[in-house]
Amino acid sequence: MGIGLTILGSASAIPIHQNFPTAQLLQLCGRYILIDCGEGTQLQLIRAGVKFSKIDQVYISHLHGDHFFGLPGLLASFELMQRKRPLQIFAPKGLEAILKAIRRESGMRLSYPLQIAALTTNASEVIYADDKIEVKNLPLDHRIYTNGYLFEEKPKLRKLDRAAVEKYPEIQISDYPNLKNGCDFIRKDGTRIKNEWVTRDPPNPLSYAFCSDTAYKPELADLLQNVSVLYHEATFLEADAHLARQTKHSTAAEAARLARASHAGLLLLGHFSARYRDCSAFKREAETHFEPVRLAKAGEVLKVDSGKPKMAIP
Ligand SMILES: [Zn+2]
């Protein structure tokens with residue numbers, strides 16, 4: 001099934017022509033997950049042809065406006081659409097009070113259960129898991145409390161090698177689940193049919209890490225080893241590294257150094273400052289440290305399966 005990532009916005013604080021503040025739609029194992037929800041997210045979802053009702057989870061990195069000011073509007077739209085399914089939101093603790101005040105003062109009612117997980121931890125923890133995926137928060141280093149998120153497929157079952165299995169008539173269909181779980185087959189006389197004789201390795205689980213906004217934090221590499229796709233903010237270029245220090249953001253080169261230390265499959269850069277007219281310099285700067293690099297552009301979709309990542313305008 002793979003990863004599908006729709007870039008809804010990748011600008012930093014000020015919306016600019018042809019771009020929007022941060023928001024992404026992640027499709028992983030059939031789940032529709034919204035990551036950050038800057039202004040314009042609803043419009044961008046419509047442009048991308050995404051049915052709002054499919055979104056069951058929202059992950060907010062931090063409470064700077066360019067990362068969540070689109071959320072109250074989206075919640076109100078769900079109400080107007082008479083949504084009934086619960087919506088889960090993972091966000092820093094303060095969001096609940098903000099939404100409560102908006103609902104109280106604007107008279108917004110909700111037709112669906114809103115389940116808010118208020119994050120306060122400074123460690124990386126499993127914050128959500130189901131039968132297919134697991135999500136961890138990634139503590140970042142920004143001006144206010146901020147988390148990135150790591151979305152991972154759970155390990156898959158081993159694949160049966162049908163031709164190999166047929167060589168052993170003593171193996172019954174009822175034995176397949178054990179083989180897929182990695183067990184050997186034990187004959188009545190106690191001898192074994194080794195698991196690796198009749199099964200193949202499953203594809204590696206895919207993973208997606210979202211890191212925005214943050215100062216360069218090299219120790220994140222310990223949490224990100226072999227991540228399939230690393231999205232990392234690159235608000236500035238190295239020439240303006242002093243601004244990155246002042247505002248607790250990163251440069252393209254720093255994002256690339258983290259991708260290299262993490263052995264990432266692909267680095268996706270975003271959150272570009274409006275001061276740069278031409279974003280191609282971000283890619284060039286990052287590529288001096290790591291490849292492959294792609295730029296997150298509003299309206300583009302990144303698809304990743306077990307093969308090479310592909311990015312395209314749908
Ligand atoms: Zn911020």
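Residues are numbered from 1 along each chain as its sequence is written, and side-chain values use heavy atoms, with hydrogens and water left out. Because the model is predicted, local features need pLDDT of at least 70 and side-chain atom pairs count only at pLDDT 80 or more, while totals for chains, interfaces and linings use all residues.

**Stop 1: the zinc ion**

Select the zinc ion, then H62, H64, H142 and D213. The donor atoms are NE2 of H62, ND1 of H64, NE2 of H142 and OD of D213, at 2.2 to 2.4 Å. Donors here are N, O and S atoms within 2.8 Å of the metal (3.2 Å for Na, K and Ca); water is not among the atoms, so sites may look incomplete.

Now check the angles. They run from 90 to 172° among the four donor atoms, and the site is irregular. Four donors count as tetrahedral if all angles lie between 85 and 135 degrees; four count as square planar and six as octahedral if opposite donors are over 155 degrees apart and all others between 65 and 115; anything else is irregular.

Along the sequence, the donor spacing reads H-x1-H-x77-H-x70-D. H64 sits in the loop between β4 (55-59) and α2 (71-80), and H142 in the loop between β8 (133-139) and β9 (147-153), so the pair ties together parts that are 78 residues apart in sequence. Helices (H or I, at least four residues) and strands (E, at least two) are DSSP runs, numbered from the N terminus.

Colour by accessibility next. H64 is buried at 18% relative accessible area, and H142 is buried at 7%. Buried means under 20%, exposed over 50%, partly exposed in between (1.4 Å probe, protein chains only).

**Stop 2: aromatic pairs**

The count is eleven aromatic pairs. Rings of Phe, Tyr and Trp (its six-membered ring) pair if their centres lie within 6.5 Å; planes under 30 degrees apart count as stacked, over 60 as edge-to-face and the rest as tilted.

Select Y59 and F151. Their ring centres are 5.1 Å apart and their planes at 85°, so the pair is edge-to-face. Y59 is in strand β4 and F151 in strand β9, 92 residues apart. Y59 is buried at 0%; F151 is also buried at 0%.

Move to F210 and Y231. Centres are 5.2 Å apart and planes at 10°, so this pair is stacked.

Then show the cluster: ring pairs link Y59, F90, Y128, Y149, F151 and Y208.

**Stop 3: R83**

Select R83 with F78. The charged end of R83 sits over the F78 ring, 4.6 Å from its centre. A charge sits over a ring if NZ of Lys or CZ of Arg is within 6 Å of the ring centre and within 35 degrees of the ring normal.
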